[in-house]
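I opened the model to go through its fold, its core and its ring pairs. My entries follow in the order in which I looked things up.

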Amino acid sequence: MQDHDRRRALVDLATLFLRLGATAFGGPAAHIAMMEAEIVGRRRWLTRDRFLDYLGVTNLIPGPNSTELAVQIGYARGGWAGLVVAGVSFIAPAALIVMAIAWVYVRYGRLPQVESILRGLYPVVIAIVAHALWQLGRSAIKSIRLLVFAVLSVAAIVLGAHELIVLASAGLVNAALAGGASRTSRASIVGVLAGPPSLIAVAQGAVPFTLWTLFVTFLKIGAVLFGSGYVLLAFLRADFVERLGWLTERQLLDAIAVGQITPGPLFTTATFIGFLLGGTAGAIVATVAIFLPAFAFVAAVGPFVPRLRGSPVAGAVLDGVNVASLALMAVVTWQLARSTLVTPAAAVLSLASLFVLARYSINTSWLVLAGALAGYLLVL
């Protein structure tokens, strides 16, 4: 890639992910859906199959899935510089918004009122995710066997199975049924995908607040956390409420709420906590610490994704993981729909958004903003 083309690629990455970071509400499933619409549907930077491969890998390494997907897309589009630009661009807008809310919270002791906006925003998010699931599912479910894996994965998640177990099982069983490789080679593939284990530990016992302890604690969480925002809540409570005693239960719940109601990655909850504990410096330290492992894991694993697809065994593992990843998205979407589409107006807004997405090639950010405006103006 020539210098001019490389600079153009970096500018395009920054422009796209800055916008997504400022408008991608609704959690990882919605973020992934918006990325698919932009990167596969509108810009055609990746094929849908390659996008699915990157999605599958992000589900097998610790950290925030949508951020890691952005980082992998950045690497595919712009090399090592693209890796950094895409990730930072996706994180920065959300972190700045969360920091502003934290300033209001510290000054006035409460969160801004945003319920009406969310009532209009979430029906649109559901439509965006449902549309992406349909598009990705058409590429991922290549056989009756993979369709069965998708159904079984949904059932296992609904029954309470751990997400990582479901993902690994789908990949390994599909590789085993595909045949053509030894048990040792299959295990080595999964070892590559799973990434290096964390070597970070924090000393036990109550300690006074320092930026270094804040950094190490969030670095540990970012390096070992798999799963949903509820898992993040458990980690934060164990460290900041019980072990360190730096936060109250109420402050922790408010921090999680801010992560849920703001765009971009949920891990910007760390920005809010950092600001509460150490002001602007604390917010920056906490944000860098919790996201740093994601960049490291993707840098270690991401360059091998095209090579893994070339191996029959690794390809079978990725196929299984891909359909299980879509099963995770489907369950999250169903749970969100059950709690959100509780009025006729919300259901109509969601169906109308789904129709627009299916009929027109529209920028999903406009739909998100339209939903927020509808929520503000109407009683949904």
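I took contact to mean heavy atoms within 4.5 Å. With that setting, 74% of the contacts between residues at least 6 apart in sequence join residues at least 24 apart.

I noted that this is a predicted model, in which local features need pLDDT of at least 70 and side-chain atom pairs count only at pLDDT 80 or more, while totals for chains, interfaces and linings use all residues. Residues are numbered from 1 along each chain as its sequence is written, and side-chain values use heavy atoms, with hydrogens and water left out.

**Overall**

I looked up the secondary structure and found 16 helices and zero strands. Both are DSSP runs numbered from the N terminus: helices are H or I with at least four residues, strands are E with at least two. I call a residue buried under 20% relative accessible area, exposed over 50% and partly exposed in between (1.4 Å probe, protein chains only). Of the 380 residues in the protein, 52% are buried. The protein exposes about 16,800 Å², and 66% of that comes from carbon and sulfur atoms. These areas come from the Shrake-Rupley method with a 1.4 Å probe; for residues, only the protein chains shown count as cover.

**Core**

I used nonpolar core for a set of buried Ala, Val, Leu, Ile, Met, Phe, Trp, Tyr and Cys residues joined through side-chain atoms within 4.5 Å. The largest has 96 residues, and those touching the most other members are Phe17, Met35, Phe51, Phe218, Leu236 and Phe240. Helix α12 (residues 269-301) gives the most to this core, with 14 residues. A second, separate core of 14 residues includes Leu60, Val313, Ala316 and Ala327.

I then listed what Leu236 touches, not counting residues up to four places away in sequence: Phe218, Ile221, Val241, Leu252, Ile256, Thr269 and Ile273.

**Ring pairs**

I counted eight aromatic pairs. Rings of Phe, Tyr and Trp (its six-membered ring) pair if their centres lie within 6.5 Å; planes under 30 degrees apart are stacked, over 60 edge-to-face and the rest tilted. Phe209 and Trp246 are edge-to-face, at 5.0 Å centre to centre and 70° between the planes. Phe209 is in the loop between α8 (183-194) and α9 (211-224), and Trp246 in the loop between α10 (229-243) and α11 (249-261), so this pair ties together parts 37 residues apart in sequence. Phe209 is partly exposed at 32% relative accessible area, whereas Trp246 is buried at 13%.

The ring centres of Phe218 and Phe240 are 4.8 Å apart with planes at 35°, so I logged the pair as tilted. Phe218 is in helix α9 and Phe240 in helix α10, so the pair ties together parts 22 residues apart in sequence. Phe218 is buried at 0%, and Phe240 is buried at 0% too. Ring pairs link Phe209, Phe218, Phe240 and Trp246 into a cluster.

**Helix α9**

I checked the span of α9: its 14 residues reach 20 Å from first C-alpha to last, close to the 20 Å expected at 1.5 Å a residue. The expected span is 1.5 Å times one less than the number of residues. Ten of the 14 residues are buried, so α9 is largely enclosed by the rest of the structure. Among them are Lys220, Thr213 and Gly222.

**Arg44**

I found Arg44 in the loop between α2 (28-42) and α3 (48-58). Arg44 is exposed at 66% relative accessible area. Arg44 has a positive phi of about 55° although it is not a glycine. Most residues other than glycine have a negative phi.
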